[in-house]
Structures are given as C-alpha cells and as structure tokens.
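Dear colleague,

Please find the structure below, handed over for your use.

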Amino acid sequence: MTSGFPTWPEELFHFYEKECWTNETFGSMLKDRAKTYGEKIAVKSSTKELSYRELDQKADELAAGFQKLGLKKGDKVVLQLPNEAEFFEVCFALFRLGVLPVFALPSHRYSEIHYFCEFAEATAYIIYDKHGGYDYRKLAREVQKEASSLKHIIVVGEAEEFLSLSDVYEKEASFTGDVGPNDFAFLQLSGGSTGRSKLIPRMHNDYIYSLVKSNEICGMNEDSVYLTVLPVAHNYPLSSPGVLGTLYGGGKVVLARDPSPDEAFSLIEKENVTITGVVPPVVLIWLEARKTRNEDLSSLQVIQVGGAKLSAEAAKRISPAFGCTLQQVYGMAEGLVNYTRLHDSDERVIFTQGKPMSEYDEIRIVDENDQIVGISEVGELLTRGPYTIQGYYKGGSHNERAFTKDGFYRTGDLVKVDEEGYITVEGRHKDQINRGGEKIAAEEVENHLLAHEDVYDAAIVSMPDPFLGERSCAYIIPHREGVKAASLKKFLKEIGLAAFKIPDRIEFVQKFPQTPLGKVDKKSLRQMIEEKLNQQTLV
Ligand code: OOB
C-alpha cells in the first residue's frame, strides 16, 4: 500500500479483482475506444468538439508535455476546470502518466483551493482563464503566494504570466507511462462533515467497475448522448454513469455551460440527448420551464435526479412532463451508488432512492450502538464493496471514526431498506447541510466564523427550503452587541470561502440549547429556525 492511500485487505482485494474488476486503466480504455470509434464524436462543448481519435491524440500530446514539465507518477495536480472539452484532454493525459488530479469544483475559492494544494502537496494547479464571470488567474495569484509545493500554474485560454495549456502539447514527442489498473487514478472530494473536505482516493479498477455497472443499469451504449449540466468533476456527472460511463460505452458527451433551461433544452433538442443527470432544484426549474417552452425533447429517454432528496411530489411530475423515464440516483463520492432501475414500478421510482448497483455492495443499517435494525426500520447506512473506499487519503484518525473495523464506510445517512433492498433516505446524522446537492460541512464554516473577533461561538444547521430542500442557518453567540450579519458574511467571502458555503441566514442568540451531555443541541436549533420560518410565513 502506498502511504496515505488506504486500500482493501488482501483477501477482499483479490476477491474483487477476481469477481468484479476488469483490469483496465483509463489510458488503455481511451486507446481502445479510439481504435473502435475513431472519428465518432466523443465530447462536444460550446467551443469545440473532439472525436475519440482526437481526444486520444490530444491526451498523448499533453501527457508528453506534462512529462517534459517534470510531472511524474504519484504527483498531485489540483484541477479546477469548468464544463469544457479541455477537462477531458487534461484528465486523460494525467491518467496516462499516473499523475493524480484533485477534482476541485469551479465554485471553490481561495480557502478550498489553497487547502487542496497544501494538503495534497500539489505540484501543479490547472485552471480556465475566466469562466462564469470569474477570473481564475486572480485566484491562482493568491494561491501561488502561499502554496509552497506548486511548481506550475497552467491556464486554459489567456495565460497572462502563467503557462498556457496550448504551449504544453508536444506534437512529436512521446512519453513513458507505467500505470496499472490497481494504481490510484485521482482524488475526489468528500462533502465532509468534520472540518475540511476529505480527499477520496479512487483506483482505475474500482472506478471503471462503477462505470461498467452504471452503464448496464442505465442502458448506456454507443448511441447514448449524455448531457452534463452539473460541474463535470463531481462524482455524479463524472461516473453515474456520467461522462466517463458515456465514453466507456462509446457514446457522446455534451457539455452544458450551466443547467438553465435555455442552455439545457436547446442542447437536448440540437444534440438529440438521450440521458442527463440533475439535482432536485434543477429539475424543479425544468418542470416550470417545460410548461411554457416548446423545444422538442423527444430524444430524451432518461432524466436522472440525485445528490439530494427528491420529493415524491416532484418525482411524480417528471415522467409526464418530459415523456421519459425518471431514475433516482443516491450516491456518494466515497463509492456506493444506488439507482432505481429503468423498468421499476412508478411506486419504486417515486418513493425510493433505488438499490445498490452491484451485487457485491454490502449494506448494513444500524442503530446508534451499531446494532443491525429490522427491515424498514430507520438507521444509519454502513457500506462496503468493490468500489467503496476503505479510508480517506491521509485520513489519519478520522478514518477510524468514518469506517468500521471491518472496513464499512459510515455514510452518516439515515435510511430504511425494504425487503427487496430498495433504499429510502430518511435523514442524516452527519453534521452536514445538503444545499440542493451542494454539501456544506457545518464544522468547516463554524471554524471560519470562530476566527472572527466578534464571534464567541457558532453553530450551523440546515433550515427547510422549498426550492433547495435545505439552506444553511448560522446561530451566533456574539462577543458584543450590534454585530451585523452582513459583516460576518462579508468576512467569510473575503477569506475566500466558496459562495455556497456562506450561511443563507444568521441568527444571533445569547446561548445555545444543550444536549444532556453538554453538547450544542443542533436538533433544537433546527426546530427553532423551522418554527421561526413557519411563523414568518403565517404573518
Ligand atoms: C453525491 O455525492 P456526494 O459525495 O456529493 O454526497 C453524498 C451524500 C450522501 O451521503 C447523501 O447524504 C446525499 O449526498 N445524497 C442524497 C442523494 N444522493 C446523494 N440524499 C438523498 N437522496 C439522494 N438521491 O451526491 C452523488 C454521488 C454519486 C451519484 C449521485 C450523487
């Protein structure tokens, strides 16, 4: 085992290797597809399209260029790219060298990026020049000042003082790569519940297995056209079956710049999209827009909804409105993904979040003493399997809390499972807010707030929201009177926290309710804000 990268105990490892994994690497997979599909379009973005052959070639040219720069197997690179074709060229180039991308999201700012660079000791940071009105070079300048390991900042587009990606391609040169299926391919980000996002190490073998299973279940093949409206580096659009599943199956990936109906509906019509994956707030907007717009969306066979709980009420409306199958997806970057099946009854598809994709996924539902509960009783979901990690990268003692001794991941989700294995998500006991699919670790934001001189104590909880499902509310005990919510929000913005983590609401109190053990009683805080919101709607 490479240091910092937990993996399965030998016996399980060999079992999965024998029963599940295909022993491919991403590099060899693309080579194969380029041979089979050649000029067929693999990826199409607003600015360019790439055939399988071109993608394979660009990946080789970039791999040679990255190697010339000195990037080598085992290095980490923080990758922060929007939904553009270069994402794929860069990823496959890195995969071929055994350099591990850390998949940052476009919404991340200084606080997150600086942390990823430092924690992963990244040697390079790869960005787009400007996107969605934001200049990433500005962020890179800040990060560069502090991140001691960074040797290269590479920019897609106008590089200014940095290195331009277009200057990295080596057209004539070759490279040497020695990457095997049991090597780690990249680091995904956890939603987190304690402190900063944890880094999730995923292997070629385990991730490709998740693509194979996803493709089977979602009916992916060379005729599939997958539209990505969510940030492509997130585990859900990346692999469930997502863009990598699509490429595995020989289909076409269409990248949308954003999830607005303007962008998405016109792409569905123009590109004959067959499948797309969204989060609940996006499908709510699409349902409204569908009433008044008249694009032809008849190519669409499947709309997947996941990342956060979809209400049954919204679920009922999706198939009739779009004339296609709804598929619920309940997954996690740590591994386990559950799907409703394409031929499941309406009842199942509307009311459950599906069942595990692999027969080798092991599921345990336990009470607070880790005792197994009965069928259809609510408890915490623990899981182990051929594509669920055994520990976070350099997870230290956190791994002991997040995983059982026999290697089950504690999801922190409260679920119930019926006799046929279908799961319904009932709640959560991890200290996290799920803001329409974007995850906020309460402790991370609390720690930042505690650094403000006017804050004596801070506790962040979710509050119900009809559109996002949940928003965040920070309860603050101030050091003095007259502290303003706006100045605390400004403070968080200035330290460079991603916008979605900035509390939607701030409430000032003199003390926090406590549990009998003397801990902050977040359940009471959630009730308090819920009651207040209810009263406000009554007025
Ligand atoms: C996906 O991955 P993450 O890592 O951003 O978040 C995982 C967590 C789960 O533990 C659960 O709390 C929540 O997000 N979640 C859902 C859900 N899907 C995810 N809660 C209720 N209903 C659902 N359908 O979010 C993710 C990764 C792969 C595929 C799909 C989603």
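Predicted model: local features only at pLDDT ≥ 70, side-chain atom pairs only at ≥ 80, totals over all residues.

Phe26, Gly27, Met29, Leu30, Arg33, Ala34 and Tyr37 of H2 are buried. Because these residues cover an arc of only 160° around the axis, they lie on the same side of H2. Lys35 and Thr36, on the other side of the helix, are exposed. The cover over the buried residues of H2 includes helices H3 (52-69), H4 (86-97), H7 (204-218) and H9 (242-248), together with strand S10 (184-189). Just after H2, Gly38 adopts a positive phi of about 40°.

I turn now to the ligand. There are 19 residues around it, of which His234, Val329, Asp413, Lys430 and Lys439 come nearest. Strand S16 (325-332) and helix H8 (235-239) each contribute at least two residues to the shell, and S16 provides the largest share, with 4 residues.

A polar backbone atom of Ala308 is 3.5 Å from a nitrogen atom of the ligand, while a polar backbone atom of Lys309 is 3.4 Å from a ligand nitrogen atom. For Asp413, a polar side-chain atom lies 2.6 Å from an oxygen atom of the ligand. Taken alone, the ligand exposes 590 Å², and the protein buries 96% of that area.

Yours sincerely

How values were computed:
Residues numbered from 1 in each chain as written. Heavy atoms only, no water. Buried < 20%, exposed > 50% of the residue type's maximum accessible area, 1.4 Å probe, protein only. Arc of directions from axis to C-beta. Contact = heavy atoms within 4.5 Å. Near = heavy atom within 4 Å. Polar contact = N/O pair within 3.5 Å; in protein donor to acceptor, adjacent residues only side chain to side chain. Areas by Shrake-Rupley, 256 points an atom, 1.4 Å probe, with all protein chains shown as cover.
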